[in-house]
Amino acid sequence: MRRRLLASLFMVFAFFAGNISALVRCSTAYNETELMNLAGQYKKTIMDFYPRGTIYDRNGIRLTNRQDEGYRFIDAPSCARAPVASTVLGSVTEYESSEGGGSIALGSSGIQRAYDSLLNGGSKITVLAPVDAKGNILSKNGIQVASDHINEGCIINLTLDYALQREFEEAMKQYAGEIECSGISVILSEAKSGRILVMASYGDEMNKTVLSYQPGSIMKIVAAAAMLESDDIDLNEEYECTASVTANNSQHYCSGRTAHGAIGLSEAFAQSCNCYFYEAAKKIEYISEDGITRSPIADMARRWGFSEFGEPSADFELSYSSHYSFVSSIVYNDEDLFNTTLGQGRTQASTYLINKIVAAIASGGTAISPYLVESIIDPAGNSVEIAPKENFSLGLAEQSVEKLQEMMRLAATSGTASLNSLAKHGGLSGKTGTAQNAASSDHAWLTGYFPYKHPQYAMTVLIEEGGSSSNAVTLYNRLCDLLFEIYPQGE
């Protein structure tokens, strides 16, 4: 009996000692607020999110609304910047509502901005969870969702290919680390259908594929078209290239200061002879009815989507209002004519527009304008009407298109683009460009389509301040190898 009594007294003593010890620890480890929280567990907001419609690639792979890594146990999408195609998809920003009622989420760039009204899924949803004094979640079973509601955002299906986009972006990042450049932009599209499979940019937060840069000798595509359509150009006539020309007392040179000798249009295009194109451009300039000197090259550029210099206009839904492709329609002097013809000075073009033009050449003069949005589905599962696909026509005679195709093929076999590796994939028809940049290094371009006999793809690469066009050729080769590794020909 005595032994039981002693055991009971010991247990009571141990109980009180434990509680006193716990109180001492609490008084030293926690402040007053934490002691109150510990005394009674409380609910804490662990996340807020705005429901948004989901954006998918052409194969049904989710591009946005990926769940936050830390809260995968909650069915809550994350509107953080997407890991792939981020400059295309854009971002969502929280704003304070001007009409009261708290904050709202709006697409601030890219597809998120262009289709914000359709992607907006409704008011903010708050997730609460039981936590301890230190904010640690005590039980996932106690998760509560405040102001939950059905996501009213639409589903948007894009033409982008997730696998290609991811591999291209990684290759661009790697190549940028190998050479000195300010950025890279690449567009890959299906030549005839207009579906954009890859729209990738590297270097900053903006989508470089819709920014404009001096196109350099890429502009010879436009110039050659104007010359092919002119009655004043004899395709058999040759000019003597001495490696340089003088325009308004300024000396200009052919690439590498190479003297090409007697040269005609096709070979001048393939070898990118500045002297020939400048002399031929002078031959076709004219005086308009208003007494102003103009160039058919600028006229052709305007028909193909270039804006007038100083008059911004968007040629694509993701274009920025202050960035546009432009050319001056007025020839003030010989220097102006040289810059218009050879893609310098007040002549700029975006990767998107150049690819659009080349895709049309590949398709015989007419193709669907490159586009990104394939379809939109509302929350009820119904299709949302979208703008019809637009046909883009170069407006050239059939023989002019065929001649352009021949010249682009010549440039890719024996001209400035001949270092391409597309022979194993059906061959390339293309054009390089090295555009002078007064602020820093030259811009490097390569645009083209392939396989050349039965064009399937059009692709344009621009390396901002990337030096010689040979750098663009090297990257072009790598990207094509990736393309055919993922999608072998015939599949």
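Student: In this predicted model, which residues does Ile-61 touch, not counting residues up to four places away in sequence?

Tutor: Ile-61 touches Ile-55, Tyr-56 and Tyr-162. Ile-61 itself is found in the loop between strand E2 (55-56) and H3.

Student: Why is Ile-61 called partly exposed?

Tutor: The relative accessible area of Ile-61 is 32%. Buried requires under 20% and exposed requires over 50%, so Ile-61 with its 32% is partly exposed.

Student: What separates the C-alpha atoms of Ile-61 and Leu-160?

Tutor: A distance of 9.9 Å separates these C-alpha atoms, with the two residues 99 apart along the chain.

Student: Why is Thr-87 called buried?

Tutor: Thr-87 has a relative accessible area of 12%. The cut-off for buried is under 20%, and therefore Thr-87 at 12% is buried. Thr-87 is found in helix H3 (residues 86-89).

Student: What makes the pair Thr-87 and Ser-201 a polar contact?

Tutor: The side chains of Thr-87 and Ser-201 are joined at 3.1 Å. A polar contact needs N or O atoms within 3.5 Å, so the 3.1 Å between these side chains meets the distance limit.

Student: Which residues have the most contacts inside the largest nonpolar core?

Tutor: They are Ile-221, Met-227, Tyr-276, Phe-277, Trp-304 and Ile-357, in a core of 63 residues. The largest share of this core, eight residues, comes from helix H7 (residues 220-228). Leaving aside neighbours within four places in sequence, Ile-221 is in contact with residues including Phe-269, Trp-304, Ile-357 and Leu-404.

Student: Which residues does the second, separate core include?

Tutor: This core of 33 residues includes Val-461, Leu-475, Leu-482 and Leu-483.

Student: How do you know which classes line the largest pocket?

Tutor: The lining of the largest pocket has six nonpolar, 18 polar and three charged residues. Among the 27 lining residues, Ser-217, Cys-254, Ser-255, Asn-274 and Thr-434 lie nearest the centre of the pocket. Cys counts as nonpolar, so Cys-254 belongs to the nonpolar class. The space in this pocket is about 550 Å³.

Technical notes:
Residues are numbered from 1 along each chain as its sequence is written. This is a predicted model: local features need pLDDT of at least 70, side-chain atom pairs count only at pLDDT 80 or more; totals for chains, interfaces and linings use all residues. Side-chain values use heavy atoms; hydrogens and water are left out. A nonpolar core is a set of buried Ala, Val, Leu, Ile, Met, Phe, Trp, Tyr and Cys residues joined through side-chain atoms within 4.5 Å. Buried means under 20% relative accessible area, exposed over 50%, partly exposed in between (1.4 Å probe, protein chains only). Helices (H or I, at least four residues) and strands (E, at least two) are DSSP runs, numbered from the N terminus. Contact means heavy atoms within 4.5 Å. On a 1 Å grid over the protein atoms alone, a cavity is a set of points where a 1.4 Å probe fits but cannot get out, and a pocket is an open set with protein on both sides within 12 Å along at least five of seven lines; lining residues have an atom within 4 Å of a point. Grid points are joined across faces, edges and corners, and a volume is the space filled by probe spheres set on the points. A polar contact is a pair of N or O atoms within 3.5 Å; within protein, one must be able to donate a hydrogen and the other to accept it, and residues adjacent in sequence count only if both atoms are side-chain atoms.
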